[in-house]
Amino acid sequence: IRSIPDFPKNGILFRDITPLLLDKKKFKSCIDHFVSVSTEKIDTVISIESRGFIFGSALAYALGAGFVPIRKEGKLPYEKFQVSYELEYGSAVIEIHRDAIKKGSNIVIVDDVLATGGTVEAAIGLVEKFEAKILGVYFLIELEGLKGRARLSNYPIHALASY
Ligand code: AMP
């Protein structure tokens, strides 16, 4: 993982995962790790646009599970639930299709980086509308100083690397 100072703006130390994705053994071992912490049968893997999709779809394949995208506003074509959440400056909206998750199904949520936790907290809010069982929330990287984990305290969290 490559760290790039002041990207995309001053003061942010951006954790660039593209070198890891390029390394076939390391990329595979990330997915294998997420498989190994998935001890119960998972029906659906859910991830958040857009870097979450890289890990979420590979994990869904490895688990033999379905895949559900949570997307930014205006991208999904069918009936949706949406939630708005606060970013450092301003707010954002994410959406999920209303028929995306079956009641009672076992799901996990996957994203690349847990920073403040605002995005994944909003995603969890969407998923909770479906009365599914959230068995885990997986990240490649946790930025511990931002204390995102404290916002997600009800669910088991797995992070492969932390800074
Ligand atoms: P947050 O809502 O603050 O947890 O962050 C939302 C998303 O922003 C994460 O899923 C990452 O994709 C991205 N992100 C936030 N901080 C960083 C960072 N320092 N390096 C790379 N991506 C980041």
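## The ligand and its contacts

The model is predicted: local features need pLDDT of at least 70 and side-chain atom pairs count only at pLDDT 80 or more, while totals for chains, interfaces and linings use all residues. Residues are numbered from 1 along each chain as its sequence is written, and side-chain values use heavy atoms, with hydrogens and water left out.

Thr116 places a polar side-chain atom 2.5 Å from an oxygen atom of the ligand. Around the ligand there are 13 residues, and the closest are Asp111, Asp112, Thr116, Gly117 and Thr119; a residue counts here if one of its heavy atoms lies within 4 Å of the molecule.

## The largest pocket

The largest pocket has a volume of about 1200 Å³. On a 1 Å grid over the protein atoms alone, a pocket is an open set of points where a 1.4 Å probe fits, with protein on both sides within 12 Å along at least five of seven lines. Grid points are joined across faces, edges and corners, and the volume is the space filled by probe spheres set on the points.

Its lining consists of 36 residues, with Phe14, Arg51, Leu87, Ala115 and Thr119 nearest the centre; lining residues have an atom within 4 Å of a point. By class, 20 are nonpolar, six polar and ten charged. Here Ala, Val, Leu, Ile, Met, Phe, Trp, Tyr, Cys and Pro count as nonpolar, Asp, Glu, Lys and Arg as charged, and the others, Gly among them, as polar. Strand β7 gives the largest share of the lining, four residues.

## Strands and a helix

Helices (H or I, at least four residues) and strands (E, at least two) are DSSP runs, numbered from the N terminus. Strands β3 (residues 44-48) and β4 (residues 66-72) run parallel, joined by five bridges; strands pair if DSSP finds at least two bridges between them. In this pairing, Thr44 stands opposite Gly66. Strand β4 also pairs with β6 (residues 91-97), this time antiparallel and over two bridges, and there Arg71 faces Glu95.

## Loops to look at

Between β1 and β2 lies a loop that holds Asp6, whose phi is near 60°, a positive value in a residue other than glycine. Pro8 sits in the loop between β1 and β2 too, and the Phe7 to Pro8 peptide bond is cis, with omega near -5°.

Definitions and conventions:
A polar contact is a pair of N or O atoms within 3.5 Å; within protein, one must be able to donate a hydrogen and the other to accept it, and residues adjacent in sequence count only if both atoms are side-chain atoms.
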